[in-house]
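Please open the structure in your viewer and keep the selection tool at hand. The stops below tell you what to select next and what to look for there.

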Amino acid sequence: TGAVTVTTDSHYTASELKTIAAATSGAITLNDTTVALSGTSSDLSTIFSETITTHTGTVTLTTDSVYTVDELKTINNKTTGAITLNDTTVALSGDATDLAVALAGTINHTGAVTLTTDTDYTLAELKTINNGTSGAITLNDTTVALSGDATDLAAALAGTITHTGAVTVTTDSHYTASELKTIAAATS
């Protein structure tokens, strides 16, 4: 149950970290946080669900087309490195808060994303989700009113999304025609 420190080792693997994580409830400290890790979403989620030093290296989900929003959230919460998905097309669904955490940072998701049972998504959440996927985004409630500066609104409504609620451009006297075009294309 004590703390475990991985010292002077820049060659640890996801398999080794999973074994360590399974055997201790203590905090795990990584001497070198930049090591690239690869493994299944389940294994990586197991590692990053522990009390472990924030990882800064790249993370690759290998041979895995069944990753979940919860697994991506757990992984994304404990690494600042780029996350590469083996299968980028997996459809994801959940509430906006969970999806925003799952798709934050640098990730190469291209599958469809559906916001389910969520009528209070925020501009910041939509912006993060849209930045994290090039797939179509489906809103459970398309009528939620959004307000913010034009740059954030354009980032939140870019791509393939259908929004029908009111949009208010606030505190921004520097909006561009391109930003307004993106906003207008995504909302009726």
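Begin by selecting residues 113–115, which form strand E7, together with strand E6, since in this predicted model the two strands run parallel and are joined by three bridges. Within this pairing, select Gly94 and look across to E7, where its bridge partner is Leu115. In general, the strands of a sheet pair through backbone hydrogen bonds, in either a parallel or an antiparallel way.

Now widen the selection to the whole sheet, which is open and has three strands in the order E6-E7-E8, paired in parallel. Its edge strands are E6, covering 92–94, and E8, covering 137–139, and each of these pairs on one side only. If you look along the strands, you can see how neighbouring ones are turned against each other, by 10° on average when direction is ignored.

Return next to Leu115 and display its surroundings: leaving aside residues up to four places away in sequence, Leu115 touches Gly94, Ala96, Leu99, Tyr121, Leu126, Ile129, Ile137, Thr138, Leu139 and Asn140. Which residues have the most contacts inside the largest nonpolar core? They are Leu44, Leu61, Leu115 and Ile129, in a core of 46 residues. In soluble globular proteins, nonpolar side chains tend to be buried together.

For the last stop, select residues 150–157, which make up helix H6, and find Thr151 in this helix. Thr151 counts as partly exposed because its relative accessibility is 44%, a value that lies between the limits of 20% for buried and 50% for exposed.

Definitions and conventions:
Residues are numbered from 1 along each chain as its sequence is written. This is a predicted model: local features need pLDDT of at least 70, side-chain atom pairs count only at pLDDT 80 or more; totals for chains, interfaces and linings use all residues. Side-chain values use heavy atoms; hydrogens and water are left out. Two strands pair if DSSP finds at least two bridges between them. Helices (H or I, at least four residues) and strands (E, at least two) are DSSP runs, numbered from the N terminus. Axes are lines fitted to C-alpha atoms, for helices over the stretch in contact, and angles run from 0 to 180 degrees between N-to-C directions. A nonpolar core is a set of buried Ala, Val, Leu, Ile, Met, Phe, Trp, Tyr and Cys residues joined through side-chain atoms within 4.5 Å. Buried means under 20% relative accessible area, exposed over 50%, partly exposed in between (1.4 Å probe, protein chains only). Contact means heavy atoms within 4.5 Å.
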